[in-house]
Each structure stands twice: as C-alpha cells, then as structure tokens.
Amino acid sequence: MATGDPLAQLQGIWRQLDLRQRIVSGLVILFTFAAFAGLYVFTSQATYGVLYKDLAPEDAADIVEWLKTEGIPYRLSGGGTAVEVPQDKVYEARLSLASKGLPKGQSVGFEIFDQNRLGATEFVQKVNYQRALQGELERTIARFPQVESVRVHLAQPEEAVFVAERREPTASVVLRLKSGMALSDAQVRGVAFLVASAVPRLQMDKVSVVDTSGNILFPERPAGGTGDHPTTAQLQYRRNLENYYKQKIQSMLEDALGPSKAVARVSAEIDFDEVSLNEDRYDPDTVAVRSEQKVVEGAAAPGAPGGVPGVKGALADKLQGNLGGGAAAAGAAGTRREQSVTNYEITRLQRQVRGAVGKIKRLSVGVLVDGTYKTDEKTGQRVYVPRTPEEMANLERIVRAAMGFSDDRGDELSVVNVPFTTEGGATGGGMEWPELGSRLLRPLVHLALALAFIVFVLRPLLKRYVLQAPGAGPRGLPGGEPLEALEEDQKARLAARRRRAALGPLPSVHEELRELAQDYPERAAALIKVWLREPSPEESGGS
C-alpha cells in the first residue's frame, strides 16, 4: 500500500476496523453530515421583511393572491394584518403592487367613477364624488410618516339661491398617530391647509383636526394659553431657548477646559402673557383751529317801492333813479346781522402698545466643572486636584457674560467644582456596537454550535471508537477485550483440544496457532501489532 495515497490509507484504516467500529464510524459520519446539512439549511433560510402591515382583510387577501400568482414566498403575521416576503424582494414587490393599485385601503378614491353605472341619479353622483374626495384626502394625509391611519369627513351643504341663506362647508380630520410619534404644529397646519384647499369655499378656520386620543390639534388654542396648560408651541419655544443657552455655555467651557470637563443646565421662566396698552394724551397748551363758520344776514325796510312795472334792466334802474331817488335811499336803511363760529382742537396723542410674547422672566443656570488630575508618585494612581477659587471666580464671570446675567430679572447662577465619575466622555461610536453585535450575533452562534458539536460530540466518539491506538491505553484488542482475556481463551482452547486428542497424537503448537489465526484473523493481527510495539530486552536495558 502506497503511503502517499490518501485513498489507500483510508482503505487500509477501514480494513483494520472491526464490525462495531465500522458501524460506529458510519453513524458518526452520517450524523456529522446531517448536522452540517441542517446547519446549512438553517443559516441559508431567507430573512423575511415586512411588505405591508395593518392591512384591511380585503387588501391582505388581494396581496396574498398576487404573491401566489407571482410565485413569491410569503408568510402572514399580526393576526393576518401583516404580510412578509423575503428581504431581497420587499421593494420590488412594493413597486409591482403599487402599479396594480394595491393596497387600496379602506377608503375609496376617484376610481369609483371608473365603472359607469347607468341610471345613477344626481344625488348618487354627488355622494360618490364626496366619498371619492374624502378617500383621496385620506390617502394623501396617510403619506405622513407619523400617521398610521386617517379619516376625513366633509360636510358640504347644498347651494342656496340667496346669499343670506348660504351655509359654508366644514371638514373634520381624525388622525391615528404611530406609537411614540407626533406631528409638529406646522404639519398640523399643513393638513388643515390641504383639506381647505381641496374643497371649494372651505375656509381654513372651518377645518378641525383631532387625534384618536381626543386631543384638539387644530385650530390651536390662543397663543397666551394658561399657566397650568401651556400650548405645544410654548413648550417647544422654552425647550429651544434652554438648549440654546445650554449649548452656548457648555461649548465655551469645553473649549477652555477640554472635552467633557463641564456640564451646564439651564431653566428658563418665560412670560407668555400678551399685554395690549391703549393710551390717549391731550396737550391743553397746544391748540389748533379745527373748523370755522361765518354767517351774514341782512333785511330791507318795509314799504319800499318795487320799481316801474313792466320795465327791466338798465332802463328800470334809470327810471327808478329819476323818479324815486329818495325812496331808494330810505330803503337802504334796512337790518344786517353777522355770526362767526370757530372750533378749536386740543392736541391729542394716541398710542397702542402690544407687549412681546415669550419674554424671559428669569434664568437659572447650574454648571458643574471637573478639576484636574495628577499621578501620585508613590501609588501611581491618578489623584483629583480641585480648582483654585480664582479659577472658579473667572469661570463664573465668563458664564455670567455668556448667559446675559441680570439682577433685575432675578437670575440665578451656580458654578460648582466636583470630580466627575469618569474622565472624558463616551465616544460617539459607542452607539454602533449594538448594531454591530446584532449583525454578528447569528453567525457567531452558528459557529459556536458547530465548534461545540465537534469538540463535545464528534471528537469523543472518534477518539473512543476510531482513533484509539491498540497500545495507547491498557493492553487490549479492537473488540474491547484485554489481551489477558485472549491469552486465557487460547489456553482454554488448547486444553480442550488436548483433552479431545488424549487418545491420539498431540498436535503441534504451530498447528494450533495457525488454526487460531485462521479462526480469528483480526485478533491475531492485533496481537502481532502489540508484540511488535513492545520494546526488546536490549532496548529496555539500554534505556
């Protein structure tokens, strides 16, 4: 047998094994292949991703029917409301389903008019149009990532002949938000503006937006609010202001002291009261003429002649002058009255002042500053060294300037020097470890299971039944029987043969050994191997 041929070596090893060893080796090999095959199947299983969730039963049935037609594997979860497909087919399946108009959702859009129904009345057409408009608005609003589901209700009164009898349309929107998510004020106003723009003659102030918890999202409460129930905008403004001062103070201290050497916290009291002041002032020393009225009245004396009848113009004046000059003079002596009214206006100053909303009433700032550290020469450990009073005073003056400290407002500032628990802050990459661990967890578990199987199952079996050398442990044979038992068996067989051949000639020892070798070839070969491994007396004496 060639020693360099692996196949010949394996065949030689296999021929040297007895029946029990061959059975055990075959079972171990089969079990190993089965284990690795199962491990391969388990690791090669497709990872499923969510295709759609929170589906209506009708949409889930349509999607499952399409997946069956396309031959895409799927599984249902969430009580049949969620459909999962292999992760590598999620986006492709979504695009294909979108081209088919799936999922449709519980709302009905303008596709309701795709099927023309003969005999539909005008009232039915109006109702279908309103349903379609509501459905299209629901689909549009559901595009917001924070919105899980939405319902839109429109109230559109019939057109009136007279303007005085016309009623304006209204709308109501009910939002079901995803867990832990909320819409900003700007997004809520956008929803109201969207609904108002989609419905004719609908004003934005006629739109109501609420969530499923009963909270009124639109229209907003007055900006002033109340002290006990501030609005969302007020709370957001306060948080933004506090974060602004916090970042302003802490970044300045970290630039001076080092990273993670200072911690700042700010609490702000904001005055959200809206004050409106109307003021009128009059200056009596300064006057101006506002209006002036002058009336002049005159009356002639009674009995004055009226002139020559039938004569007009210059001739009448001439005749009247010639004939009654004295009478005319007497008539000129009638009555005359003059009246003058002058109105004066006092100078008036009118001023309307509206106080700013969101004025800072008081700031309270707390700052923690870490000290310095030095190494003890004796122990070799780092020792905390507090900062000097001069350093703390300088830091306090810097913080006062940064925050705009005001005694009139009653601001409070506290700068304390304390040892921090750990020197330096956590690195930004620490958040990546959970994600990295989740990615490597499954392969590491599979590798650990494979190693455990090899070390604790496969290796002991091979060592016990296959790879155990005949002379490695106690003297024994491949069958598991010790060499002494074989020798006793041989002696017993020899004694039995001697008794059977008592009347005949005694067989030679060589013949008996040859017969035993023929009857038990495997044991004879093992016995010879044991003899060959035993050292000779010369080697034993030399060692």
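Reader: Which helices each supply at least two residues of the nonpolar patch?

Author: In this predicted model, the helices are α2 (19–43) and α11 (432–466). The largest share, four residues, comes from α11. The patch consists of F31, F36, I454, V455, F456 and V457, and together these residues have about 550 Å² of accessible area on the surface.

Reader: Why does V457 count as partly exposed?

Author: V457, which has its place in helix α11, has a relative accessibility of 32%. Partly exposed covers the range between the limit for buried, under 20%, and the limit for exposed, over 50%. The value for V457 falls in that range, so V457 counts as partly exposed. A patch residue needs over 30% relative accessible area, and V457 has 32%.

Reader: What makes T32 count as buried?

Author: T32 is in helix α2 and has 13% relative accessibility. Because buried means under 20%, T32 is buried.

Reader: With which residues is T32 in contact, leaving aside its neighbours within four places in sequence?

Author: T32 is in contact with F453 and L458. Contact here requires heavy atoms within 4.5 Å.

Reader: How many aromatic pairs does a search of the whole structure find?

Author: The search finds three aromatic pairs. One of them is formed by Y237 and F272, with 6.1 Å centre to centre and 75 degrees between the planes. Ring centres must lie within 6.5 Å for a pair, and planes over 60 degrees apart count as edge-to-face; the pair of Y237 and F272 is therefore edge-to-face.

Reader: Which parts does the pair of Y237 and F272 tie together?

Author: Y237 lies in helix α7 (residues 232–257), while F272 lies in the loop between β8 (262–271) and β9 (276–299), so the pair ties together parts that are 35 residues apart in sequence. Y237 is partly exposed, with a relative accessible area of 36%, whereas F272, at 15%, is buried.

Reader: Why is the pair of Y373 and Y384 called edge-to-face?

Author: The planes of Y373 and Y384 are 65 degrees apart, and the centres are 5.7 Å apart. The angle is over 60 degrees, so the pair is edge-to-face. Y373 in strand β12 (residues 372–375) and Y384 in strand β13 (residues 382–385) are eleven residues apart. Y373 is partly exposed at 23%, and Y384 is partly exposed at 23%.

Reader: Where does the charged end of R400 sit?

Author: The charged end of R400 sits over the ring of F405, 4.1 Å from its centre. The limit for that distance is within 6 Å.

Note on methods: Residues numbered from 1 in each chain as written. Predicted model: local features only at pLDDT ≥ 70, side-chain atom pairs only at ≥ 80, totals over all residues. Heavy atoms only, no water. Patch = residues over 30% accessible without salt bridge, like charges linked within 9 Å, V, L, I, M, F, W, Y side chains within 5 Å. Areas by Shrake-Rupley, 256 points an atom, 1.4 Å probe, with all protein chains shown as cover. Salt bridge = Lys/Arg side-chain N within 4 Å of Asp/Glu carboxyl O. Buried < 20%, exposed > 50% of the residue type's maximum accessible area, 1.4 Å probe, protein only. Phe/Tyr/Trp six-rings, centres within 6.5 Å; stacked < 30°, edge-to-face > 60°. Lys NZ or Arg CZ within 6 Å of the ring centre and 35° of its normal.
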